[in-house]
Amino acid sequence: MPENQADGMCDALSAPVSAVVRASDAILEHATGAYLESSARVKVLTAQELPDADVSVLLLSAVDDDWIRVMRQDAARAPGTPVPVVMIADRITEGQLSLAVEYGLTSFLYRGDLNLDRLVDAVVEAGAGRCRMPEDLVAHLIAELGNQQRQQTLTDLSRRDGLLVREIEVLRMLSEGMNTVEIADKMSYSERTIKGIIHEAVKRLRVRNRTQAVAYAIRTGIF
């Protein structure tokens, strides 16, 4: 079978990422939702279906207290961890970033750098467990965690938190941009097991989510 034909069959068999789209402008929300829906890789759900969605997409002219409140309410509706959030905005303050990460933000894209194809890629990546953050925002997250938690050696960390070698390895691969499916294949585990490992690492490190776990690992020199 030709390689391109095999790739096409794999794409056809892949389930689309389900996403809820909301925007500060109703026309923008409708147009973006229609474009995402036209992609075979994304299925757009209604706002009421958010707890069942793989990704929440927020397109904002400005990040303000009202939208942070929306994110907090969304996180409270989730049965477990918050639905991963892809946010597109012109800017975000450090305080807003910290709260947004707590409420599920995994990817942030500046509106000036965005095109619709990149948005589709970001949504699919978020659904697969990947994160997209501009370097300046990653630097802030690392600095914030450095202020919250003292720098430790791997031995100290293992003694205090019991972080397992496989948890460190999974965090390292997340930092390299691998998604949970790729990590599962690399480690010969199921994707469910990998998600469980990430969940345990987040708990041991006493951080809010995988984004902060990776930032903490980088900050403390774990890998």
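Glu182 counts as partly exposed, at 31% relative accessibility. This residue belongs to a predicted model of a chain with 223 residues, of which 44% count as buried. The chain contains 11 helices and five strands. Among its contacts between residues at least 6 apart in sequence, 70% join residues at least 24 apart.

- Glu182 is paired with Arg130 in a salt bridge, and their closest N and O atoms are 2.7 Å apart.
- Glu182 lies in helix H9 (residues 180-187), whereas Arg130 is in the loop between helix H5 (116-127) and helix H6 (135-148); the pair therefore ties together parts that are 52 residues apart in sequence.
- Arg130 is partly exposed, at a relative accessible area of 23%, and Glu182 is likewise partly exposed, at 31%.

**Other salt bridges**

- The structure holds 12 salt bridges in total.
- One of these is formed by the side chains of Asp74 and Arg22, with an N to O distance of 2.7 Å.
- Because Asp74 lies in helix H3 (residues 65-77) and Arg22 in strand S1 (residues 17-23), this pair ties together parts that are 52 residues apart in sequence.
- Both partners fall under the 20% limit for burial: Asp74 is buried at 13% relative accessibility, and Arg22 is buried at 12%.
- Arg69 and Asp66 form a further salt bridge, in which the closest N and O atoms are 2.8 Å apart.
- Arg69 and Asp66 are three residues apart in helix H3, so about one helical turn separates them.
- Arg69 is partly exposed at 35% relative accessibility, and Asp66 is partly exposed with a relative accessible area of 48%.

**Nonpolar cores**

- The largest nonpolar core has 21 residues, of which Met71, Met87, Ile92 and Leu105 touch the most other members.
- At least two residues of this core come from each of H3, strand S4 (85-89), helix H4 (94-102), strand S5 (105-110) and H6.
- H3 makes the greatest contribution to this core, supplying four residues.
- When neighbours within four places in sequence are set aside, the contacts of Met71 are Leu58, Val85, Met87, Ala100, Tyr103 and Leu105.
- A second, separate core comprises 19 residues, including Met173, Leu174, Met178 and Ile198.

**Contact of H9 with H10**

- H9 and helix H10 (residues 191-205) have axes that come within 8 Å and cross at roughly 105°.
- An angle of 65 to 115 degrees counts as roughly perpendicular, and H9 and H10 are therefore roughly perpendicular to each other.
- On the H9 side, the residues that meet H10 are Thr180, Val181, Ile183, Ala184 and Met187; their counterparts in H10 are Glu191, Ile194, Lys195 and Ile198.
- By type, the residues of this contact of H9 with H10 are six nonpolar, one polar and two charged.

**Backbone angles**

- Most residues other than glycine have a negative phi.
- Ser188 has a phi near 60°, a positive value in a residue other than glycine.
- The position of Ser188 is in the loop between H9 and H10.
- With a relative accessible area of 66%, Ser188 is exposed.
- Arg206 also has a positive phi, near 55°, and is a residue other than glycine.
- Arg206 is placed in the loop between H10 and helix H11 (210-219).
- Arg206 is exposed, with a relative accessible area of 58%.

Terms used
Residues numbered from 1 in each chain as written. Predicted model: local features only at pLDDT ≥ 70, side-chain atom pairs only at ≥ 80, totals over all residues. Heavy atoms only, no water. Salt bridge = Lys/Arg side-chain N within 4 Å of Asp/Glu carboxyl O. Buried < 20%, exposed > 50% of the residue type's maximum accessible area, 1.4 Å probe, protein only. Core = buried A, V, L, I, M, F, W, Y, C linked by side-chain atoms within 4.5 Å. Contact = heavy atoms within 4.5 Å. Axes fitted to C-alpha atoms, helices over the stretch in contact; angles between N-to-C directions. Parallel < 35°, antiparallel > 145°, perpendicular 65-115°, else oblique. Nonpolar A, V, L, I, M, F, W, Y, C, P; charged D, E, K, R; others polar.
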